[in-house]
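Student: I would like to go through the terms used for this structure and see what backs each one.

Tutor: Then take them one at a time.

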Amino acid sequence: MPNIAALTVNHCMYPNLYYLFKDIFGVNWPFLKIINTFGFFVALSFLAAAWVLIKELKRKQAQGIFTYTETTITVGQPASIGELLTNFILGFILGYKIIGVLFVKHALDDPQAFIFSSNGSFPVGLVLGLLLAGLKYWEKNKVKLAKPEQRKIRIWPSDRVGDVTIIAAVAGFAGAKIFDNLENWDRFIKDPLGNLISPMGLTFYGGLIVATLALWFYFKKRNISFINICDAAAPALILAYGLGRIGCQVAGDGDWGIINSAYISDVEGNTVLAHPGQYDVTIKTYSYIYRETGNPDTAIQHASVKAFAGLPKWLVAYSYPHNVNKTGIPTMGCTFDDYCNHLPLPVFPTPLYEIIMALGITAFLWGIRKKITIPGRMFAIYLMFNGVERFLIEQIRVNTRYTFLSFLGIYPTQAEIISLSLFLAGVILYWYAPKIKSKATPKPQEA
């Protein structure tokens, strides 16, 4: 039986699925260490967003807003050398790095470091590469015709969601890394390669911007109305954001808020009310911990807010025990191996707030999607809500501030600048949308 009692406030954070299954189900499956909790929820967010996007695209296709393109394909051909080689390379990489982690000694001690290193299992990679190449050969040979035929097929926008998801994932990750390193330039120049390949350090807006540009090029090349695609994607985008933030919260990836100085953490990581002067003493002792996650050039931010209206303390002050970054001080009685740190001063759990807001916005957008008929306005509403949500959360969130920019003595963060820009873009698009209505519906064409 699952150990539901184990899910106490200080035991609902898991750096990877190994600790989650061990804590709840009492099983010891070391191979689960390769599945980072944050990555798991990011993958889940992509799948959920793809499902929502397909439903919206099919609805708009039924309305005649989208149509198909025709393309000619050849069926009955045997597997080409390129197809066999591609499958072999993919299988080799998967076996060498992902499956190989189960066969290389000590790899499971730190699976993330192993995956981002040059180490791997060559025999496993070779076997899996040959297996996938063999399966491709068998699959194509099974439907091979004596004389290959050419056939015309119709491809609808909803059929392209698989391609869209892959493009968004690759471009989004690249953009998230680029913008994170631009935001933390001092950290980047100390170790450029390490920061580029590290699984840590991702900026959502960087991923959103670069993925949007990549998808705009993809749809423009296929003569598909991008503004209608954006409308269909609006609920999916904010849903993916909310589900991704679950990973931030559960893994404790450092994407948390400023210190709540009304509380302090005890030796076991529990949140308790701070006595007068206790915050000052603690911050002097452990200030380096919070400077590492904030801006070293400015004072450490904090606010004093006690839980109100019967709300639990962890909703306003959380010590992030077992966080995946291993930030903080040792936790007494911890059984999470290397992940036994907690913050000595609890912080505002901003990922939790964003989960609530993002899922609320998702429900709102889903509820109004059939009422918004002017192309562009649905996406405009998404931009405005997204901008407001992120701008508000930035007021209590740890982030690097641009000290070279100043407005009335206020130094903005990258996210504040982008969120304000997105809000203004949403306002402009909402006003301008009626003027682009006539350009919205594409005509069928042969690809």
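**Terms and their grounds**

Tutor: This is a predicted model. Start with Arg 59, which is found in helix α2 (residues 37-62).

Student: Why is Arg 59 called buried?

Tutor: Buried means under 20% relative accessible area. Arg 59 has 16% relative accessibility, so Arg 59 counts as buried. Leaving aside residues up to four places away in sequence, Arg 59 touches Arg 369 and Lys 370.

Student: Is Tyr 320 buried or exposed, and how do you know?

Tutor: Its relative accessible area is 0%. The cut-off for buried is under 20%, so Tyr 320 is buried.

Student: What makes α10 largely enclosed by the rest of the structure?

Tutor: Of the 26 residues of α10, 23 are buried, so the helix is largely enclosed. Helix α10 covers residues 226-251 and reaches 35 Å from its first C-alpha to its last, close to the 38 Å expected. There is a bend of about 45° at Ala 233, and Pro 235 follows within four residues. Just after α10, Gly 252 has a positive phi of about 65°.

Student: Why are α10 and α13 called roughly parallel?

Tutor: The axes of α10 and α13 (residues 377-394) cross at roughly 25° and come within 7 Å. Angles under 35 degrees count as roughly parallel, and therefore the two helices are described that way. The contact includes Cys 230, Ile 238 and Tyr 241 of α10, and Met 378, Phe 379 and Tyr 382 of α13. Their crossing is left-handed.

Student: How do you know that α10 is roughly antiparallel to α12?

Tutor: Here α10 and α12 (residues 350-368) pack at about 160°, with their axes 8 Å apart. Over 145 degrees counts as roughly antiparallel, so α10 is roughly antiparallel to α12. Among the residues that meet are Leu 239, Gly 242 and Ile 246 in α10, and Leu 352, Ile 355 and Leu 359 in α12. This crossing, too, is left-handed.

Notes
Residues are numbered from 1 along each chain as its sequence is written. This is a predicted model: local features need pLDDT of at least 70, side-chain atom pairs count only at pLDDT 80 or more; totals for chains, interfaces and linings use all residues. Side-chain values use heavy atoms; hydrogens and water are left out. The expected span of a helix is 1.5 Å times one less than its number of residues. The bend at a residue is the angle between axes fitted to the seven residues ending there and the seven starting there. Buried means under 20% relative accessible area, exposed over 50%, partly exposed in between (1.4 Å probe, protein chains only). Axes are lines fitted to C-alpha atoms, for helices over the stretch in contact, and angles run from 0 to 180 degrees between N-to-C directions. Angles under 35 degrees count as roughly parallel, over 145 as roughly antiparallel, 65 to 115 as roughly perpendicular and the rest as oblique. A crossing is left-handed if the near helix is turned anticlockwise from the far one by less than a right angle, and right-handed if clockwise. Contact means heavy atoms within 4.5 Å.
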